[in-house]
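Here is a walk through one protein model, taken a region at a time. Keep the structure open while you read.

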Amino acid sequence: MLRRLALNNYGLVESAEIEFAEGATIFTGETGSGKTMLLGALGFALGERASADAVRRGASRATVTLAFDPDDALRARLNADGFEFDADEEATIVREVSDAGKSGVRINGRPATAGYVREIAGALAEIVGQHEAQRLLAAAHHVELLDRYANALDARGRVAAAYAEWTRCVRALAELEGDARQAQQRYDEASFAAGEIEALALAPGEDERLTERRRYLDNVERIAGALRSAHEALASDEASASACLGSAASLLGTIGDMNAELASMAERASALQSEAADLATSIARSLDATEFDAAELEAINARLDAIDKLKRKYAPTIPQLLEYADDARRLVDDFEHRDERRVELAQARDRARDALVVAAAALTKLRRSAAARLAREVSAEFPELALASGRFDVAFSPLADIVPDGAEAVEFAFAANAGEPLRPLARVASGGELSRVLLALVVALATARDRSALVFDEIDAGIGGATATAVGARLGRLARDAQVVCVTHLAQLATWASRHYVLEKHETKNSTTISVRELHTDEDRAAELARMLSGESHDVALAHARTLMKAAAR
């Protein structure tokens with residue numbers, strides 16, 4: 001349930017706070033007073049995009065805060081996703097947008113994303129705007145509404161998955177049965193490439209090791225000379241490093257017992273002499289092993305040339321060459337076993353088709369059963385919406401082929417008057433009729449949805465008089481079982497408010513602002529309803545307003 005909406009520097013609103021009623025919260029005001037702006041702020045809090053234009057002129061950022069009480073399922077999800085809050089606390093969504101267009105969002109004080117907010121928004125509110133009535137003119141939207149009513153979204157997902165598997169098999173089979181000449185050419189190329197790469201028996205890192213060995217052989221004389229000179233410096237005569245270190249160690253040893261520091265010096269000199277002797281031995285071994293092998297160098301060059309040839313031809317590294325060979329070998333194997341593969345794919349395609357038919361049939365059964373219930377429930381709403389003779393139905397048209405959405409097209413049909421045949425809703429409904437059909441659908445769909453708030457943005461378009469009274473009464477009854485938020489220009493709807501807010505525009509020479517004021521007294525409400533009825537609060541309009549209020553209070 002929605003609890004509170006706070007706006008700071010959003011649009012033309014400098015600051016406003018709205019407490020939502022458990023029943024109906026109604027917003028009214030003169031045309032252009034910014035009523036729809038409030039619902040824009042609510043939509044922004046629920047994850048809709050907003051640009052820098054949403055920031056009030058002269059401010060650096062706009063902030064919208066939505067407080068709500070989540071149901072058990074949403075509370076569990078928020079806790080599981082790291083947005084914990086105490087059981088006695090309200091949950092909050094805070095969204096900001098800067099004058100540079102950069103936005104941010106926090107849930108219960110923790111950073112979140114607008115995408116996450118959009119995911120949970122359906123559990124908080126469903127916004128039904130004027131565009132929803134226009135969407136009713138598109139038959140493609142009808143199947144979405146029916147599937148929501150039928151709780152058939154999972155079943156439709158199974159149809160989509162089965163369709164994807166079937167088309168995958170069909171495409172794979174078509175590729176396998178493609179042009180035989182091209183397939184043979186690909187086989188020949190892959191067979192040659194796999195054989196050429198595999199013949200070298202490449203090992204990972206082999207080229208790096210061979211390159212290092214070739215560099216050694218190319219510089220063997222310089223290496224031998226350096227080793228020889230180093231050995232001579234370390235151990236060739238009495239002036240060598242090893243001999244000098246030995247003398248130093250001996251001399252220091254004679255005075256090492258004088259104090260600890262001298263003893264340490266003697267030990268270090270002895271260790272250095274030993275290390276120099278070991279190093280000289282290692283150099284001597286390396287020098288003995290140093291020889292130039294022309295045959296080895298020739299073999300290395302030949303091997304590297306062969307590897308470089310494959311790199312230029314197929315892939316730039318040995319790991320990629322080995323992967324290329326594996327892919328080529330698989331292509332060869334597929335071609336050589338293409339008859340078996342063709343049979344396997346044909347069988348997989350047929351199984352996928354059978355699964356698609358079964359899934360689509362299950363979806364159709366769900367839809368037809370739900371369609372009959374939906375038609376009855378929507379038609380039952382019509383008498384209370386001044387459509388006493390109206391009829392509603394859901395028409396099905398089988399498709400030539402199953403598509404990801406199922407095996408049939410769905411379209412709502414409507415007749416406003418007795419004796420008229422049912423026709424597609426888009427062809428026969430006027431603007432006022434469309435608004436009432438939408439309200440009837442919303443009421444019917446409310447029985448098949450989570451108990452989130454219903455938000456209506458001027459659903460009263462195109463209606464007035466007795467029809468408006470009937471729509472208002474139905475909206476009022478809906479608010480007894482569900483939380484309703486409504487922007488309206490009709491007094492017949494506003495009279496059912498549990499909380500009634502008026503939006504007022506204030507213009508000066510340099511700025512325009514909008515204030516939000518709650519009407520607390522019956523006198524204030526009557527005055528606003530009278531203004532809505534006649535444009536001014538004279539006695540006749542006030543009397544009419546009070547009559548409406550008394551009717552709503554019964």
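A residue counts as exposed when its relative accessible area is over 50%, as buried when that area is under 20%, and as partly exposed in between. A201 has a relative accessible area of 58%, so A201 is exposed. Keep in mind that this is a predicted model.

Stay with A201 for a moment. Look for A201 in the loop between α7 (180-199) and α8 (206-218). Its phi is near 50 degrees, a positive value in a residue other than glycine. What does A201 touch, once neighbours within four places in sequence are left aside? The contacts are E206 and R303. L322 is 121 residues away from A201 along the chain, yet their C-alpha atoms are separated by 9.4 Å.

N151 sits in the loop between α5 (139-149) and α6 (153-176). Phi of N151 is near 50 degrees, and again the positive value belongs to a residue other than glycine. N151 has a relative accessibility of 58%, which is over the 50% cut-off, so N151 counts as exposed.

The largest nonpolar core has 70 residues. Which of them have the most contacts inside this core? They are L136, L374, F392, V394, F412, L441 and F456. Helix α16 (residues 431-446) gives the most to this core, with 10 residues. Take L441 and leave aside its neighbours within four places in sequence. L441 is then in contact with L136, L145, L374, V378, F392 and F412.

F382 belongs to the loop between α14 (338-381) and β9 (391-403). Is F382 buried or exposed? Its relative accessibility is 0%, so F382 counts as buried. Not counting residues up to four places away in sequence, F382 touches L387, A388, G390, R391, F392, F414, V437 and A440. One of these, V437, is 55 residues from F382 in sequence. In space, the two are 7.8 Å apart, C-alpha to C-alpha.

Next, go to helix α1. Eight of its 11 residues are buried, so α1 is largely enclosed by the rest of the structure. The buried residues are K35, L38, L39, A41, L42, G43, F44 and A45. Just after α1, G47 takes a positive phi of about 110 degrees.

V64 lies in strand β4 (residues 61-68). With a relative accessible area of 0%, V64 is buried. Where do its contacts lie, leaving aside neighbours within four places in sequence? V64 is in contact with L5, A6, Y10, A41, F44, A45, I93, V94 and R95. A41, F44 and A45 are among the buried residues of α1. E17 is 47 residues from V64 in sequence, and the two C-alpha atoms are 9.8 Å apart.

How many cavities of 30 Å³ or more does the structure hold? The structure holds one. About 40 Å³ of space lies in the largest cavity. Its lining consists of L5, F20, F27, L38, L39, L42 and V485. Helix α1 (residues 35-45) supplies the largest share of this lining, three residues. The lining divides into seven nonpolar residues, no polar ones and no charged ones.

Last, consider the cysteines. A disulfide is a covalent bond between the sulfur atoms of two cysteines. How many disulfides does a search of the whole structure find? The search finds zero. Two cysteines can still be compared with the cut-offs given at the start. C169 has a relative accessible area of 0%, so C169 is buried. C244 has a relative accessibility of 43%, so C244 counts as partly exposed.

Definitions and conventions. Residues are numbered from 1 along each chain as its sequence is written. This is a predicted model: local features need pLDDT of at least 70, side-chain atom pairs count only at pLDDT 80 or more; totals for chains, interfaces and linings use all residues. Side-chain values use heavy atoms; hydrogens and water are left out. On a 1 Å grid over the protein atoms alone, a cavity is a set of points where a 1.4 Å probe fits but cannot get out, and a pocket is an open set with protein on both sides within 12 Å along at least five of seven lines; lining residues have an atom within 4 Å of a point. Grid points are joined across faces, edges and corners, and a volume is the space filled by probe spheres set on the points. Helices (H or I, at least four residues) and strands (E, at least two) are DSSP runs, numbered from the N terminus. Ala, Val, Leu, Ile, Met, Phe, Trp, Tyr, Cys and Pro count as nonpolar, Asp, Glu, Lys and Arg as charged, and the others, Gly among them, as polar. A nonpolar core is a set of buried Ala, Val, Leu, Ile, Met, Phe, Trp, Tyr and Cys residues joined through side-chain atoms within 4.5 Å. Buried means under 20% relative accessible area, exposed over 50%, partly exposed in between (1.4 Å probe, protein chains only). Contact means heavy atoms within 4.5 Å. A disulfide is a pair of cysteine sulfur atoms within 2.5 Å.
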